[in-house]
Amino acid sequence: MVSPKYHIFICTSCRTNGTQKGFCHQKDSVKIVEKFMQEIEDRDLTADCMVTNTGCFGICSRGPVAVVYPEGIWYGGLTADAVEEIMDQHIEGGKIAAKYQI
Ligand code: FES
């Protein structure tokens, strides 16, 4: 996969010293990463979607935060249910999951 159809960046509060410490990490964003990866696998979309965990996006109070490219849509307040809705509406449906857009 050189150029995936979708690239999902999820803040896990990664720091340059290798630690994960911050608001999104405290809000279980690692589980959000795992949920996206599981949904992608379950839906047989591994050829189309790449998931990358990141450092802070600078809007911690809206976390956990994810950004979906190529559209550059920001989502916040993520939960397992939110991930399923984003997968249904955005990744598979091609429309923004407005309920979680920030
Ligand atoms: S720690 Fe996630 S946006 Fe700041």
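Aspartate 44 counts as exposed, because it has 8 C-beta neighbours inside 10 Å. The cut-offs are these: a residue is buried if 20 or more other C-beta atoms lie within 10 Å of its own, exposed if 12 or fewer, and partly exposed in between, with C-beta atoms placed from the backbone. Aspartate 44 is not a glycine, yet its phi is positive, about 60°. You will find it in the loop between helix 2 and strand 2. Helices here are DSSP runs of H or I with at least four residues, strands are runs of E with at least two, and both are numbered from the N terminus.

Two remarks on what is on the screen. This is a predicted model, in which local features need pLDDT of at least 70 and side-chain atom pairs count only at pLDDT 80 or more, while totals for chains, interfaces and linings use all residues. Residues are numbered from 1 along each chain as its sequence is written.

Aspartate 28 has 16 other C-beta atoms within 10 Å, so it is partly exposed.

Now the whole chain. It holds 3 helices and 4 strands, and from the N terminus the order is β-α-α-β-β-β-α. The C-alpha atoms fill a box of roughly 35 × 30 × 20 Å along the principal axes. For 102 residues, a compact globule would have a radius of gyration near 13 Å, and the chain has 13 Å, which agrees. That radius is taken over C-alpha atoms, and the globule rule is 2.2 Å times the number of residues to the power 0.38. Of the 102 residues, 31% count as buried. Two residues are in contact if their C-beta atoms, placed from the backbone, lie within 7 Å. Among contacts with a separation of 6 or more, 58% are between residues 24 or more positions apart.

What is in the middle? In soluble globular proteins, nonpolar side chains tend to be buried together. A nonpolar core is a set of buried Ala, Val, Leu, Ile, Met, Phe, Trp, Tyr and Cys residues joined through C-beta atoms within 7 Å. The largest one here has 21 residues, and those touching the most other members are Ile8, Ile10, Phe36, Val51, Ala66, Tyr75 and Ile86. Two or more residues each come from strand 1 (6-11), helix 2 (29-42), strand 2 (49-54), strand 3 (66-69) and helix 3 (80-92).

Which residues does isoleucine 10 contact, beyond its neighbours within four places in sequence? They are Ser29, Ile32, Val33, Phe36, Val51, Asn53, Thr54, Pro64 and Ala66.

Proline 64 brings us to the loop between strand 2 and strand 3. The peptide bond joining glycine 63 to proline 64 is cis, with omega about -5°.

Next, strand 3. Its covered face is Ala66 and Val68, and its uncovered face is Val67 and Tyr69. Two strands pair if DSSP finds at least two bridges between them. Strand 3 runs antiparallel to strand 1, with 4 bridges, and histidine 7 has tyrosine 69 as its bridge partner. Strand 3 also runs antiparallel to strand 4, residues 73-75, with 3 bridges; there, valine 68 is partnered by isoleucine 73.

The hairpin of strand 3 and strand 4 has 3 residues between the strands, and glycine 72 in it takes a positive phi near 75°. Proline 70 is in that loop. A cis peptide bond joins it to tyrosine 69, with omega about 25°.

Last, helix 3. Its 13 residues should span 18 Å at 1.5 Å a residue, and its end C-alpha atoms are 17 Å apart, which agrees. The expected span is 1.5 Å times one less than the number of residues. A kink of about 30° is centred on isoleucine 86, where the bend is the angle between axes fitted to the seven residues ending there and the seven starting there. The buried residues of helix 3 are Val83, Ile86, Met87, His90 and Ile91. An α-helix has 3.6 residues a turn, so residues three or four places apart point the same way. What covers the buried residues of helix 3 includes strand 1, helix 2, strand 2, strand 3 and strand 4. After the helix comes glycine 94, with a positive phi near 75°.
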